[in-house]
Amino acid sequence: MSTLYVVATPIGNLEDITLRALRILKAVDVIFCEDTRVTSKLLAKYETEKPLVRCDEKAEGKATQRALELLEEGKDIALVSDAGTPGISDPGARLVRAVRAAGHGVVAVPGPSALSAALSIAGLTENEFVFLGFLPHKKGRQTAIKSIAAEERAVILYESPHRIEKLMSELAAVLPERETMLFRELTKMFEEVLVGTPQELWARLETDGSARGEFVVLITPSQEA
Ligand code: SAM
């Protein structure tokens, strides 16, 4: 049976890739990826050359057709994203669904994710958490912020550097005292974890000059704050 392998790749440090991921990436016929430049860099580090097909949000429909053709021809393919685990706030879901519906194999090759990396060093004593990915930018954002304020479990979000200060100001308005953690640039040179109230973190980001890097945001549960 032809197989689609969904392969997790590093979230910063290129050494964070599993032996199995490398073996699969070397073995498949074609790799579907978000940005061919990012994936080429990873493949070059591990001396691998493969045909790449772009599969970002815009190209997912076309890429899905191509993937189905290749699988019909008996080829094996892999799906990677720019960083971390495909399918977690990344494109790929439609491709995965279509491949499974067509009767081909879909196999996970697990590895890094910013979500699990942040959780692993958060020190949460409760097992439950709510992962919201990226909040909507406009419509529905205020509703999402209110639902975070009402949530008793830990809430984990992804946020871009452009909106991190705005997010801290929005959280400061609804959860002024709640301990919040920012995991910045995990596995990279300027990795750091900032802990404080949303107001404190907002001030800290402002004095830092600009909020650079990638962030995972964790709002601790009400009973741990
Ligand atoms: N699929 C990826 C995963 O498994 O983590 C997430 C992709 S999503 C498009 C990108 C977001 O993940 C970033 O905006 C940031 O919130 C988070 N992220 C990715 N890499 C990170 C890192 N090294 N440190 C902190 N956050 C990161």
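**Exercise 1.** Which backbone N or O atom lies 2.6 Å from an oxygen atom of the ligand?

*Solution.* Start with the source: this is a predicted model. Go to Phe215. One of its backbone N or O atoms is 2.6 Å from a ligand oxygen. Apply the cut-off: a polar contact needs a pair of N or O atoms within 3.5 Å. Phe215 is also listed among the closest residues to the ligand.

**Exercise 2.** Find how much of the ligand the protein covers.

*Solution.* Take the ligand on its own: its accessible area is 570 Å². The protein covers 92% of that area. Then look at the site. The ligand takes up the space of the largest pocket.

**Exercise 3.** Describe the shell around the ligand by class, strand and domain.

*Solution.* Count first: 19 residues surround the ligand. Ile88, Asp90 and Ala114 are among the closest. Sort by class: 10 are nonpolar, 4 polar and 5 charged. Next, the strands. S7 (154-159) and S10 (215-219) each give at least two shell residues. Last, the domains. Domain 1 (3-111) and domain 2 (115-224) each contribute at least three residues to the shell.

Technical notes: Residues numbered from 1 in each chain as written. Predicted model: local features only at pLDDT ≥ 70, side-chain atom pairs only at ≥ 80, totals over all residues. Heavy atoms only, no water. Near = heavy atom within 4 Å. Polar contact = N/O pair within 3.5 Å; in protein donor to acceptor, adjacent residues only side chain to side chain. Areas by Shrake-Rupley, 256 points an atom, 1.4 Å probe, with all protein chains shown as cover. 1 Å grid on protein atoms, 1.4 Å probe; cavity = no way out; pocket = protein on both sides within 12 Å on 5 of 7 lines; lining within 4 Å. Sits in = over half its atoms within 2 Å of the grid points. Helix = DSSP H or I, 4+ residues; strand = E, 2+ residues; numbered from the N terminus. Nonpolar A, V, L, I, M, F, W, Y, C, P; charged D, E, K, R; others polar. Domains from an automatic or database assignment.
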